[in-house]
Structures are given as C-alpha cells and as structure tokens.
Amino acid sequence: MNTAALPASAQPLYRQLAAAYRGAIEDGTLRPGDRMPSVRMLMQRHTVSLSTALQLCRHLEDEGWLEARPRSGYFVRRRLRASLPGVVEPAQDQAPDPAAFVGIHATVSAVIAQGQRYPAALNLGGATAAPEHYPTEALKNAVLRCLRQSPTLLTTPGSPNGNPEFRKVIARRALDAGIRMTADEVIVTHGGIEAVNLALRAVANPGDTVAVESPTFFGLLQVLESLGMRALEIPTSPSSGISLEALELAIATYGNIKAVVVVPNLQNPLGAIMPDGRKAALAALCERNGIAVIEDDPYRDMHCRATPPKALKAWDRSGNIIYCASLNKTLAPGMRLGWMAAGRWQARVAMLKFAQSRHNEEWSQIAAAGFMATSAYDRHLQRLREHLREQRERIADTVAASFPPGTRLSLPDGGAMLWVELPGGLPSRRLFEHALEAGIRIAPGSMFSNSQRFDHFIRIGCGYPYSPELDAALRRLGVLTARLLDGAGH
C-alpha cells in the first residue's frame with residue numbers, strides 16, 4: 001500500500017511526526033547543523049515506541065532533511081541547493097529587441113524529432129507528473145459510470161461550448177482563483193493550447209505584434225509563427241514574472257502591440273509566481289493602453305503556498321483579459337480538456353471555436369465534472385503538490401551536489417519543473433545531444449526563445465518519483481556538463 005497517498009490524518013504516526021519536524025526545519029525553527037532530539041527524547045515527548053521514533057528519523061534522513069553522525073545522533077542537514085545561486089534576474093530598463101522570426105518552429109521540431117529517435121531515454125524534459133500521481137482508478141470509474149448512465153453519449157452530438165455540468169463545476173472552481181464568472185461564460189477547448197490559439201485569433205491578425213514572456217513556453221512561439229504573428233519578447237524574472245517596466249517601455253517604443261500573453265502562476269519554464277500587486281498593475285497597464293491580455297493558467301493548482309495564488313483575471317474590470325486553463329497538468333494529461341472565458345471577445349471566440357474544431361466530446365467532461373465536484377479532487381491536488389514538492393527539492397539537491405561550480409538554479413514554489421543555468425555559457429543543445437547518447441532527455445533552453453539568450457539553460461522535469469535510476473541520470477548529467485566544459489565532450 002502506498003502510504004504517501006493517504007490523507008495526513010490516516011498516515012502512519014511516524015510520518016505525521018516527520019511532517020511536523022520537516023515543517024520546523026522549513027520555517028527555520030530547526031536550522032542546518034542543529035541536533036535533532038534524541039530517540040529517547042522523541043519517545044518521551046510524543047509517547048511513542050522505539051520503533052516509531054527510529055522510523056521518524058530514518059524517514060527524514062531518507063528525504064534528505066537529516067544526517068546521522070556516528071555516536072552523536074541525528075542532525076539537521078545543510079540543504080545542498082542552498083549553495084546554488086539563483087538564476088540571474090533580467091535587465092528591466094531596456095526596450096526589448098524588435099520582434100523577428102528566426103525559425104523557432106524548425107528549431108523546436110528538430111529538438112523534438114531528435115528526442116523521439118531515443119524512445120528508451122529517461123525523459124527529464126517534461127512538465128507533467130507521473131501517471132501514478134493522478135487518480136487513475138477514480139477517473140476510470142467515473143468514465144464507466146458516465147457511459148452506463150448515458151449509453152448514447154458517444155452517438156449523440158455534443159453541446160455547443162461544452163457540457164453544462166462541466167461548465168458549472170469550472171465556474172465554481174474558478175472562485176478559488178478569485179474569478180467570478182457564470183457557467184455560460186465557459187467555453188470548453190481541446191486542451192489549453194487550443195484556448196490560447198483561439199484567444200490569439202480573436203484579438204490579433206497575421207503580421208500583428210504580440211508581447212510574450214522571455215523565456216516562454218515553446219508551444220506559444222510555434223502557435224504565433226503558425227498564425228503569422230510576430231513575437232516581442234519581454235524580460236521575465238524567475239521571482240516576479242514579466243517585467244512591467246520593460247513592457248511599458250516596449251509599449252511606448254513600438255506602439256503597435258495587440259496583445260500580451262502571460263503565465264502569471266508558475267510560469268513555464270521559470271516557475272515564477274507574480275505578486276498580486278504586479279498582477280493588478282499589469283491588468284491596469286494593458287487596459288489603459290487598449291492591449292488585450294491572454295492569461296494561460298494551467299499550473300496554478302500545483303502551487304505549494306498556504307494561500308492559493310490568484311489568477312490575473314481576478315483584476316479584470318472590463319473584460320480585457322481572456323482566461324485560458326486546462327486539466328492537462330493537474331488531473332488528466334490524456335483527456336486534453338481545456339477551457340476559457342473570453343471576456344468582451346466571448347461571442348467571437350465561440351464562433352472561432354465552432355469554425356475551428358466544433359464541440360468537444362462530452363464523456364471526458366462529464367467524468368471530470370463528477371470527480372471535480374467532490375472533495376476527492378481537493379485531496380488529489382494536495383497529494384500532487386506534496387509529491388511534486390518532495391521531488392523538486394530532491395532533484396535540486398542532486399543538481400547542487402553533481403553539477404560543476406557556476407551552475408545556477410531558482411527553486412519555484414510549485415509545479416513540476418526546474419530552470420537550470422549552465423556554467424560557462426555551455427550551449428544547452430550540445431548537452432542535450434550528449435545526454436541523449438547517454439539515455440537521458442532534457443529540454444534545451446534554445447526551445448524557449450526566438451533569440452539565443454537562453455541557449456545555456458535547460459529545463460528539468462520533476463514529475464516522476466525520485467528513484468535510483470533518476471538519481472543516477474542526474475549525476476550522469478552533471479558529469480557530462482563538466483566534461484563538456486572541459487572540452488572532453490567534443
């Protein structure tokens with residue numbers, strides 16, 4: 001039985017106690033180098049057996065929080081990732097380079113095709129969690145129940161804009177993000193990427209300029225190129241998101257920006273969460289200048305904060321923000337379920353959706369709605385966040401221990417990815433190619449920008465449970481990085 005998947009109150013006692021001590025370490029009550037209470041003291045303090053006290057300490061040791069010293073007991077371990085400096089913040093006082101096409105579609109296609117030639121490679125380049133982190137059994141039962149109750153579902157035309165029950169659930173869940181909308185405002189799409197595609201087509205035309213974060217999700221750059229639009233990259237901080245100063249300067253300099261596309265919560269690939277004040281300022285800046293905002297928000301529910309971050313849409317006062325989201329990362333990557341609320345472009349988006357792909361199949365919407373309407377969905381999200389937090393931290397520690405000096409990394413407050421800056425300006429494409437030969441797949445930074453500014457970065461996925469195989473792959477990646485820096489990998 002997987003005890004890690006149980007709710008906190010049903011966890012074994014040693015895990016409950018371990019979680020309390022881990023919290024004390026995280027908030028600084030117990031600091032690196034501090035001695036952990038002795039096993040005898042733990043037994044007395046918590047009225048537990050010797051076995052439980054030992055399991056508590058060994059569990060924290062296995063997770064990397066404690067280290068055992070011979071004849072001295074357990075001590076709080078210095079987290080290796082603390083020795084890694086954060087990724088360098090971008091300059092914010094210069095206008096970005098003029099928008100230009102440099103064949104990003106060809107670049108991304110070449111990287112994807114090259115990776116596909118190594119199907120057995122351990123994939124460290126993804127942004128989703130492992131299948132075992134999703135509620136597979138519950139979703140399977142929901143699908144079967146849905147088809148039993150509606151046997152003609154597969155042979156009946158679907159509802160325009162999406163299944164009514166699913167849209168109601170989405171509208172209720174949107175309140176958690178600070179968004180007030182009705183079910184009628186929800187348009188169901190084939191994943192988040194169709195939602196963004198529809199939003200772009202609604203607010204801009206071929207040849208128009210669209211401001212994007214830099215770095216940004218390579219799929220967005222592909223969509224913009226396929227639509228004949230021009231991407232203007234705005235410097236983006238791993239701690240505070242898109243630079244408002246640089247965006248305002250770009251608006252004054254170019255004067256022809258039609259839209260801004262942002263991922264304000266756990267931005268891909270940086271993992272940044274914009275502070276509320278900057279979200280409010282971004283919404284006001286774009287409204288004041290008549291620039292549409294397209295918010296892509298697929299990662300928000302993967303946060304690890306005590307207070308959930310709000311969507312940018314929460315500060316929309318005039319329908320100027322088109323909100324796009326999906327379940328691909330948080331619930332079911334195989335369902336390809338997305339949705340959007342298009343504000344003042346609602347009618348136009350609905351017609352574009354009809355022209356582009358018609359309605360979505362309803363069985364997946366009904367199954368998802370049944371699960372999301374219950375507290376089981378909230379428990380799933382809590383487990384998912386905890387799994388990803390542990391995996392991010394362990395991977396960050398291994399990167400700190402295994403990669404050569406000069407490596408930088410910013411640990412995000414949620415999500416399933418790390419953005420790593422390679423030392424010495426090492427080209428990520430070279431590391432990508434050598435890693436494939438070694439059976440490891442990563443995402444090179446060259447995929448995330450039309451420029452070469454991020455060629456010495458890589459994105460590492462943290463969605464899969466930490467294992468001996470994963471540990472060995474990360475250490476091998478560190479060795480490859482060092483060899484390439486020394487010129488031995490040519």
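This is a predicted model: local features need pLDDT of at least 70, side-chain atom pairs count only at pLDDT 80 or more; totals for chains, interfaces and linings use all residues.

Q: What makes the phi of Thr47 worth a remark?
A: Most residues other than glycine have a negative phi. Thr47 is a residue other than glycine, yet its phi is positive, near 50 degrees.

Q: How do you know that the peptide bond from Ser214 to Pro215 is cis?
A: Its omega is near 5 degrees. Pro215 sits in the loop between strand E5 (209–214) and H8. Pro269 is in the loop between strand E8 (257–262) and helix H10 (276–288). As background, most peptide bonds are trans.

Q: Why are H5 and H12 called oblique to each other?
A: Helix H5 (residues 136–149) and helix H12 (residues 363–372) pack at an angle of about 120 degrees, and their axes are 9 Å apart. Roughly perpendicular covers 65 to 115 degrees and roughly antiparallel begins over 145, so an angle between those ranges counts as oblique. H5 and H12 are therefore oblique, and H5 passes H12 in a right-handed crossing.

Q: Which residues meet where H5 packs on H12, and what are their classes?
A: From H5 come Ala138, Leu139, Ala142, Val143, Cys146 and Leu147, which meet Trp363, Ile366, Ala367 and Phe371 of H12. The contact divides into 10 nonpolar, no polar and no charged residues. Cys and Trp count as nonpolar here, as do Ala, Val, Leu, Ile and Phe.

Q: Why are H4 and H8 also described as oblique?
A: Their axes come within 9 Å and cross at roughly 135 degrees. The cut-off for roughly antiparallel is over 145 degrees, so H4 and H8 are oblique to each other. H4 passes H8 in a left-handed crossing.

Q: What makes up the contact of H4 with H8?
A: Ile104, His105, Val108, Ser109 and Ile112 in H4 meet Phe218, Leu221, Gln222 and Glu225 in H8. By class, the residues of this contact are 5 nonpolar, 3 polar and 1 charged.

Q: How much space lies in the second largest pocket, and which residues are the closest to its centre?
A: About 690 Å³ lies in that pocket. Of the 34 lining residues, Ala127, Phe217, Phe218, Lys329 and Arg459 are the closest to its centre. The elements giving two or more residues to the lining are helix H4 (104–116), helix H7 (191–203), helix H8 (218–226) and strand E15 (443–444). H4 gives the largest share, 4 residues. The lining has 18 nonpolar, 11 polar and 5 charged residues.

Q: What makes a space a cavity rather than a pocket?
A: In a cavity, a 1.4 Å probe fits but cannot get out, whereas a pocket is open. The whole structure has 1 cavity of 30 Å³ or more, and the largest cavity holds about 30 Å³. Ala283, Glu287, Trp315, Asp316, Arg317, Asn320 and Ile321 line it. That lining divides into 3 nonpolar, 1 polar and 3 charged residues.

Q: How do you know which residues Ala183 touches?
A: Contact means heavy atoms within 4.5 Å. Leaving out residues up to four places away in sequence, Ala183 touches Arg167, Lys168 and Ala171. Ala183 itself lies in the loop between helix H6 (164–173) and strand E4 (187–190).

Conventions:
Residues are numbered from 1 along each chain as its sequence is written. Side-chain values use heavy atoms; hydrogens and water are left out. On a 1 Å grid over the protein atoms alone, a cavity is a set of points where a 1.4 Å probe fits but cannot get out, and a pocket is an open set with protein on both sides within 12 Å along at least five of seven lines; lining residues have an atom within 4 Å of a point. Grid points are joined across faces, edges and corners, and a volume is the space filled by probe spheres set on the points. Axes are lines fitted to C-alpha atoms, for helices over the stretch in contact, and angles run from 0 to 180 degrees between N-to-C directions. Angles under 35 degrees count as roughly parallel, over 145 as roughly antiparallel, 65 to 115 as roughly perpendicular and the rest as oblique. A crossing is left-handed if the near helix is turned anticlockwise from the far one by less than a right angle, and right-handed if clockwise.
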